[in-house]
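The sequence and the coordinates are shown first.

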Amino acid sequence: MRDLQQPDNYETLKAKINSAAIVGHTTDTTTKIWVRAFRQGKWTLIVSTTKLPESAYDLSGKDLGQMKAHNSDIVFLEERDITRTTDQTMTFEVSGLTPDTRYYYYLASDDPDLALERKVELGGDHQYWFRTLAKNPQSLLFGFYSCHDPFSVKPNNEGAWDKFYDVLNERQADFVIGGGDQVYCDTNHASQIQDVWVWLKNNKNALLAKYRKADGSLDEPSIIAYFTKLYRTYYRIYWQFEHLRYVYRRFPQYMIWDDHEIMDGWGSLTEDERKAKLANFFQNDDENANYALVMLMFKAAAQAYLEYQHAHNPDSMIINGDPGASHWDYNFDQGAYGFYMLDVRGHHDCEQPDGQRLLGADQFERFESWINSASIKKKKAIFICSPVPVVHWKESAVNTFDFGGQKDDFMDEWGHETNHAERNKILDLLLARSHENNIPIVILSGDVHCASAFGITHVQTYPGARLFNVTSSAISRSPAPGIATAAMQKSAPIDGFDGGRFEQMFRFAGENNFAVINADCRDGELQLSATLYWAKPGSESVTQKVIRLGT
């Protein structure tokens, strides 16, 4: 039996972030600032309306706690004890800000136990800043991306992140949505990074030997702690790319997970298939132990996701240690526009009853209550993030080639026949809301490593509906080849949804891409569009396609 390595030694050959920052959920008067410090200790976040002069932040023996009293431009200063418990991450909640205002932020420490020569860890070059939103904005412009895997190509590269950063700056974006697969914990061999599930299959016996108690039960808290360290490693590796960090530290980020933050096809595998993920030939495997490890891995994946992504999202009900009972979906308003981030992984289970497999009954009820609320009915437009597209691939292909290695990928799809009941409920709900209240609704998706745009109609029952699905994927993952466009859905009736129709507006494959959504409301008239951008890594040019989404 092989020895069990220390989890801190996992993937030691790859560069990793040490200190980093993300601007999270931001309104006209508040923001969340997420940080990771390179060392545990007491750290202070400082937020100022101006660049702090050298004399203010070189400290020169001064106490950080006194800085605010001596500098009227500092609007927030708070010290926190950052520890290894959350992998040296912390989210600060800042309030009392002014609308449409630029703020600079700094992470500093004068903790004598740290004995730092450089007191300001982040922000010393004044490149860490954000802008609050306008009060009750009537126009918005925001970015959308998905599927970040710079290791899926050779040589490794950050795909279209540099172009994304440039476009966001040039167009003065308000915020960014990360639509899933922000890391790949089950990556491929081309990446030269260990697939965490292959690692577990090869090391499970050593793990069980160490963490099985005398009575035969498993020391579950210790196993989860071990697994969590493995999942954290992927975030620190995948997020060390330069332009990604530029985008994260500058523009408010809203994130939701997809399968690769957990396991490829998570939720589309049966209990027996999950057990088989860890099965080894010629070994007397304990299937119950295999399944227990799979579910403990899910808890670890959720903990790492909470620390690195969800902590800086708008608040939702999170029960630590119980991801199945937690609400990973969430909503937020930005002035005249409503947003809902659907979670298609945390409660995804293909063995649940028909109509409850992707979102689950409770999440659907929360979403239905939100979209039918009085405040949402008054919005100028509604945006919904579904990491897996409602429409993208030909549904005939989705339901024909759902076997072997492709089974979980196709069963993830809303268009798979096992998910039609749930898809139809969502479509009825969205079409009705758009038709009855004259509101355009845009679904934003990723997952599929190419781009598309569709209109979704039902002229008999919902003639006034304006429903769209815009997909942008992947920003850095190796894209699907150009020939993949032949497998994309064409304009046609919706299989299993009588009277419904997909109208293809755009399709593209073969290059990394991202999207910018523009809701322009001048003189009270809304102009809604999605611009898809694509470019080859290293290219100085970027191609764009503007897709009008109606008025």
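Buried here means under 20% relative accessible area, exposed means over 50%, and partly exposed lies in between (1.4 Å probe, protein chains only). In a regular strand the side chains alternate between the two faces of the sheet. E2 spans residues 31-36 and is mostly covered, with six of its six residues buried. The model is predicted: local features need pLDDT of at least 70 and side-chain atom pairs count only at pLDDT 80 or more, whereas totals for chains, interfaces and linings use all residues. Residues are numbered from 1 along each chain as its sequence is written, and side-chain values use heavy atoms, with hydrogens and water left out.

Helices (H or I, at least four residues) and strands (E, at least two) are DSSP runs numbered from the N terminus, and two strands pair if DSSP finds at least two bridges between them. Strand E1 (residues 20-26) pairs with E2 in the antiparallel sense over five bridges; Ile22 stands opposite Trp34 of E2. Four residues separate E1 and E2, which form a hairpin. E2 also pairs with strand E5 (residues 89-94), antiparallel and over six bridges, and there Arg36 stands opposite Thr89.

## Strand E19 and its partners

Seven bridges join strand E16 (residues 451-458) to strand E19 (residues 501-508) in the antiparallel sense. Phe454 has Gln504 as its bridge partner in E19. Strand E18 (residues 492-493) runs antiparallel to E19 and is joined to E19 by two bridges, with Ala492 opposite Phe502.

## Nonpolar cores

A nonpolar core is a set of buried Ala, Val, Leu, Ile, Met, Phe, Trp, Tyr and Cys residues joined through side-chain atoms within 4.5 Å. The largest has 110 residues, of which Ile177, Phe227, Trp239, Tyr337 and Phe383 touch the most other members. Helix H8 supplies the largest share of this core, 13 residues. Apart from it lies another core, of 33 residues, including Val388, Ile443, Phe454 and Ile456.

Contact means heavy atoms within 4.5 Å. With neighbours within four places in sequence left aside, Ile177 is in contact with Phe142, Gly143, Phe144, Tyr145, Tyr254, Phe339, Met341, Cys385 and Leu444.

## Helix H3

Helix H3 (residues 161-170) is mostly covered, and seven of its 10 residues are buried. These are Trp161, Asp162, Lys163, Phe164, Tyr165, Val167 and Leu168. The cover over the buried residues of H3 includes strands E9 (140-145), E10 (175-178), E20 (512-522) and E21 (525-535), together with helix H6 (242-250). After H3 comes Gln172, which has a positive phi near 55°.

## The largest pocket

On a 1 Å grid over the protein atoms alone, a cavity is a set of points where a 1.4 Å probe fits but cannot get out, and a pocket is an open set with protein on both sides within 12 Å along at least five of seven lines; lining residues have an atom within 4 Å of a point. Grid points are joined across faces, edges and corners, and a volume is the space filled by probe spheres set on the points.

The largest pocket has a volume of about 600 Å³. Its lining comprises 31 residues, of which Arg84, Asp87, Thr228, Lys229 and Arg232 are the closest to the centre. The elements that give two or more residues to this lining are helix H5 (220-238) and helix H8 (287-308); H5 gives the most, with seven residues. By class, the lining has 11 nonpolar, nine polar and 11 charged residues, where Ala, Val, Leu, Ile, Met, Phe, Trp, Tyr, Cys and Pro count as nonpolar, Asp, Glu, Lys and Arg as charged, and the others, Gly among them, as polar.

## Loops and backbone details

Ile318, in the loop between H8 and strand E12 (330-334), is partly exposed, with a relative accessible area of 24%. Residues up to four places away in sequence not counted, Ile318 touches Leu306, His310, Ser326, His327 and Trp328.

A cis peptide bond with omega of about -5° joins Lys154 and Pro155, and Pro155 lies in the loop between E9 and H3. The peptide bond from Ser473 to Ala474 is also cis, with omega near 5°. Asp523, in the loop between E20 and E21, has a positive phi near 55° and counts as exposed at 84% relative accessibility.
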